[in-house]
2 protein chains.
Amino acid sequence: MDVARSKGSDAGTPVACASCQARHGVVCGVLSSGQLKDLGRHSLRRKVDAGSEIVAQGSESSFYSNIMRGVVKLCKVMPDGRQQIVDLQFAPDFVGRPFVRESTLSAEAATDVEICVFPRDLLDRMISETPELRRSLHDQALKELDAAREWMLTLGRRTAEEKVASLLHLIATHAEPQTATTTVFDLPLSRAEIADFLGLTIETVSRQITRLRKSGVIRIEKFRHIIVPNMDEMERMISA
Amino acid sequence: MDVARSKGSDAGTPVACASCQARHGVVCGVLSSGQLKDLGRHSLRRKVDAGSEIVAQGSESSFYSNIMRGVVKLCKVMPDGRQQIVDLQFAPDFVGRPFVRESTLSAEAATDVEICVFPRDLLDRMISETPELRRSLHDQALKELDAAREWMLTLGRRTAEEKVASLLHLIATHAEPQTATTTVFDLPLSRAEIADFLGLTIETVSRQITRLRKSGVIRIEKFRHIIVPNMDEMERMISA
DNA sequence: ACCGCGAGTTGATCCAGATCAAAGTTTCCG
DNA sequence: CGGAAACTTTGATCTGGATCAACTCGCGGT
């Protein structure tokens with residue numbers, strides 16, 4: 001589905017992209033004021049409901065976006081339906097692959113999401129002309145590469161219990177940083193999505209979460225709401 | 001081990017980096033002639049024996065390098081010894097993470113390797129000053145990101161047989177491109193390394209290779225030397 | 001040529017996680 | 001408020017790949 005045509009719950013008023021600059025630095029923040037103005041005229045603020053696609057695997061999207069709020073999952077699916085989530089993205093990440101027409105993966109809203117959308121042609125041109133923008137995108141690519149490789153270790157060499165702990169740790173880390181040792185957060189993913197991120201089945205994910213709860217590493221209310229009393233304890237489960 | 005101190009079998013004469021330019025485009029090829037001259041004065045051609053480290057995980061390397069010949073594996077190891085190969089690199093790939101002091105993974109020569117080595121400080125400065133160089137490194141990062149995510153699908157969702165077929169396909173693709181449907185190549189990895197790349201055990205890798213041989217998808221002479229009579233057949237094993 | 005050792009294969013058995021099956025919750029919508 | 005569908009948990013059983021254990025092959029060194 002093309003996001004420019006997606007019907008968000010509040011698709012009424014486009015908001016100029018200038019607001020990105022105030023809140024985030026990744027894309028809009030690095031533009032010069034003239035360029036920002038150019039982009040602002042062409043960009044739109046969009047809401048995307050949880051579960052709808054922003055970019056489809058194998059499709060040609062004419063838009064890039066910048067995540068303002070919410071969580072986006074990047075997915076690869078095989079012809080027979082097996083699928084693997086390959087990354088989670090949070091504000092203020094950039095979604096899309098500059099200069100490449102066809103996406104090899106899909107980007108889907110895991111939670112309700114707000115994005116800032118802008119036309120591909122325009123941004124491609126701006127990237128070529130703006131070293132700071134290129135540097136910024138290069139930085140994000142390297143960050144994603146590190147995350148991907150860390151996750152490869154998780155997928156290839158960790159046990160089911162360690163995998164689930166790794167996921168909770170990842171989410172907890174990206175939820176607003178907590179000051180205390182206790183961390184509280186909402187899971188942006190269903191059990192099925194967690195399974196697809198960890199290379200497990202739903203049932204195994206559920207059982208391991210139960211195990212973590214019974215062993216006191218986490219507390220749970222309402223399936224999606226998690227409390228980690230002691231983050232160090234969970235980190236210890238992951239490394240060795 | 002610091003590569004500048006590594007004792008290659010032919011560590012005698014440093015060779016100016018200009019030769020990189022003739023053969024490859026990734027790093028040296030994008031430099032202006034003045035910059036190339038600067039770099040050339042500081043760079044060294046090195047041979048690294050199979051099995052020795054180019055950059056150690058957690059270490060601080062003061063050098064970057066450019067692969068001229070051979071295969072380099074990027075590894076992550078856990079405190080308890082479990083390990084995962086997260087990428088294979090071939091000529092003319094760039095090895096190292098610009099602007100980052102400490103490496104989160106190790107780079108090790110899988111085969112005998114020839115690299116072109118240059119000081120970190122100098123290259124960092126050149127990247128900042130040369131948009132083409134930045135673009136080039138950005139491109140490689142994106143290429144590696146795609147490869148990493150494709151491999152995540154392999155690690156998370158493919159069976160042992162599909163994993164082994166994926167690996168053979170990957171190697172075959174990077175061996176010099178063949179014109180015929182028949183592909184012949186040498187494995188740059190031992191069974192143990194293949195296992196660490198695929199998240200399997202040595203025994204399972206061995207059994208699956210035997211299975212592929214018995215089913216006629218591949219032929220084998222001398223353990224490391226593989227013949228794929230029909231590449232399409234192997235690609236079919238991987239996708240669905 | 002022979003020896004010794006690391007690399008690879010093969011077989012037997014085990015077990016972590018998958019699969020199959022059935023409740024129990026939650027959410028959402030009329 | 002009720003009822004259905006989607007999501008989650010839990011239980012029973014099965015199995016792909018791990019583990020344990022020989023054995024064989026090929027290579028380098030003397």
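A residue counts as buried when its relative accessible area is under 20%, as exposed when that area is over 50%, and as partly exposed in between, using a 1.4 Å probe and protein chains only. The structure is a predicted model, in which local features need pLDDT of at least 70, side-chain atom pairs count only at pLDDT 80 or more, and totals for chains, interfaces and linings use all residues. Residues are numbered from 1 along each chain as its sequence is written, chains are lettered from A and ligands numbered from 1 in the order in which they are written, and side-chain values use heavy atoms, with hydrogens and water left out.

**Exercise 1.** State what percentage of the residues of chain A count as buried.

Solution. Chain A has 240 residues, and 52% of these count as buried.

**Exercise 2.** Determine how chain A can be laid on chain B.

Solution. Begin with the superposition, which is done by least squares on the C-alpha atoms of residues with pLDDT of at least 70 in both copies. The same surface serves both copies, since 100% of the contact residues of chain A recur in chain B, where contact means heavy atoms within 4.5 Å.

**Exercise 3.** Describe the setting of Arg134(B) and say which residues it touches.

Solution. Arg134(B) is found in helix 4 (residues 131–157) of chain B, where helices are DSSP runs of H or I with at least four residues, numbered from the N terminus. With a relative accessible area of 8%, Arg134(B) is buried. Leaving aside residues up to four places away in sequence, Arg134(B) touches Arg134(A), Arg135(A), His138(A) and Asp139(A), together with Phe99(B) and Ile127(B).

**Exercise 4.** Work out how helix 5 of chain B is set against helix 6 of chain B.

Solution. Axes are lines fitted to C-alpha atoms, for helices over the stretch in contact, and angles run from 0 to 180 degrees between N-to-C directions. The axes of helix 5 of chain B and helix 6 (residues 191–198) of chain B come within 10 Å and cross at roughly 110°. The two helices are therefore roughly perpendicular, as angles of 65 to 115 degrees count as such, while those under 35 count as roughly parallel, those over 145 as roughly antiparallel and the rest as oblique. On the side of helix 5 of chain B the contact is made by Lys163(B), Val164(B), Leu167(B) and Leu170(B), and on the side of helix 6 of chain B by Ile194(B), Phe197(B) and Leu198(B).
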